[in-house]
Amino acid sequence: MNNNADLTVCIPAYNNNESLERAINSVKEQTIANQIDIFISDDCSPIPIDKERLEKFKKYFHSFKIIRQNINLGVLSNAEWLFKNIKTNFYTFLQHDDVIADINFYKRALEYFQKNKKLVCYFGNSVLSNLNVKNRSDYEDIINSSFSMYSIFDNEIEGLKDDYSISGEDLILNLTNKKLKFNTSWSAIIFNREASLMVGGFGGGYTLSIGESSILNIYREEEHFALLYLLCCIGECQLEKKPSVIRIIEPSSFSRSPTHPAILMSQDSSFFALYKLASVIERSFKTKSSGKIIELILIQISNIPLKFETSQTKKFFSAYKLKNKRYSKLVKNSLDKSRQFKSKFEFIYMLKAYFRYYKNLFLEKIFQDKETYYFYANFKLINFIKDLIKIFLKELNNIFKNLKKIF
């Protein structure tokens with residue numbers, strides 16, 4: 001076994017023990033498993049991650065660590081906590097629903113980092129699957145029968161070199177090209193830690209703060225590939241031909257939950273995250289590439305609806321206003337185009353979202369404990385109805401409190 005690990009696989013975990021075990025099992029098959037640190041952070045799951053169940057994996061890796069947070073940090077903050085505690089030169093975030101299909105994926109990525117010292121990230125390829133994936137025998141079939149999240153043979157891709165590396169500027173150009181299918185799973189991206197630290201680290205000050213998200217009434221916990229934009233201002237990225245990762249969208253995934261907190265938010269968080277990011281890049285970098293990336297961000301913003309504007313929104317625009325006057329016209333055009341997406345019925349849509357969210361939350365509370373539900377339904381019907389009314393009134397009160405924040 002090596003004295004030092006080369007790569008940390010960070011796993012921000014929440015609830016699902018079965019899919020987490022499947023994800024780790026896919027990593028243990030990696031040809032360099034003994035050079036990998038596994039670092040799992042259970043984000044105060046209602047169903048705690050079963051440490052004893054995962055003990056069997058320790059022997060396969062350089063190190064294997066599981067911690068449980070005392071409070072729920074949130075998706076972004078949990079990942080940020082993991083980043084601050086890694087020691088290796090390279091790291092990645094494996095979403096616990098996903099699996100690594102290619103046993104040489106991590107080995108190949110690290111070899112590219114060794115060959116090209118300009119690389120700041122390995123932008124691996126992946127596929128999406130809604131199937132019930134149980135074991136490795138399923139992986140190859142899924143890879144071969146699914147469309148990859150990008151294709152290096154797509155004629156729309158710009159700037160691709162013979163070795164499939166690409167400048168940071170060109171990566172963002174492709175990432176923001178609406179005509180091009182160009183994306184990947186978080187689990188397929190491997191980062192250079194030193195380069196990440198140079199631009200503020202994962203989840204750093206370039207992201208929306210808790211305070212900003214609160215006053216803007218938006219969901220903060222998505223990273224929106226913002227770190228990738230920053231890294232692309234200082235280096236190159238590596239693409240790969242065949243997908244190595246399967247992004248599995250479980251029916252129970254947090255992002256697909258009918259009680260996902262983002263349903264409550266009146267704004268699209270990516271709009272404000274990108275607006276702030278452009279300002280951070282302008283303050284931090286003075287290169288030709290960074291200027292082009294800022295322009296691409298502003299063009300991307302123009303395609304995101306700006307549904308509600310308040311005095312707080314205007315303050316946010318002012319706080320992160322770009323200093324260079326060369327961007328003034330583009331900023332104005334981007335904001336004007338964003339505003340055009342607003343519907344006359346936006347307020348009604350928002351109310352529908354609120355009621356849908358609380359209806360689902362209401363039903364979830366009732367049916368989470370079936371034995372209690374049947375006890376009430378069969379033997380204490382009157383008390384059961386009273387409890388329902390109390391819950392309904394409480395949730396209705398929450399709706400009005402949240403609406404007051406907006407208006």
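Residues are numbered from 1 along each chain as its sequence is written. In this predicted model, local features need pLDDT of at least 70 and side-chain atom pairs count only at pLDDT 80 or more, while totals for chains, interfaces and linings use all residues, and side-chain values use heavy atoms, with hydrogens and water left out.

There are 16 salt bridges in the structure (a side-chain nitrogen of Lys or Arg within 4 Å of a carboxyl oxygen of Asp or Glu). One of them joins K161 to E236, at 3.0 Å from N to O. K161 sits in the loop between α5 (139-145) and β8 (165-167) and E236 in strand β10 (residues 236-239), so this pair ties together parts 75 residues apart in sequence (helices, H or I, of at least four residues and strands, E, of at least two are DSSP runs, numbered from the N terminus). E236 is buried at 12% relative accessibility, whereas K161 is partly exposed at 36% (buried is under 20% relative accessible area, exposed over 50%, partly exposed in between, with a 1.4 Å probe and protein chains only).

Then there is E80, which pairs with K84 at 3.5 Å between the closest N and O atoms. The two are four residues apart in helix α3 (residues 75-84), so about one helical turn separates them. Here E80 is buried at 15% and K84 exposed at 60%.

In helix α13 (residues 328-339), R339 and D336 are three residues apart, and their side chains meet at 3.3 Å, N to O. Both also belong to a salt-bridge network with E309 and K332.
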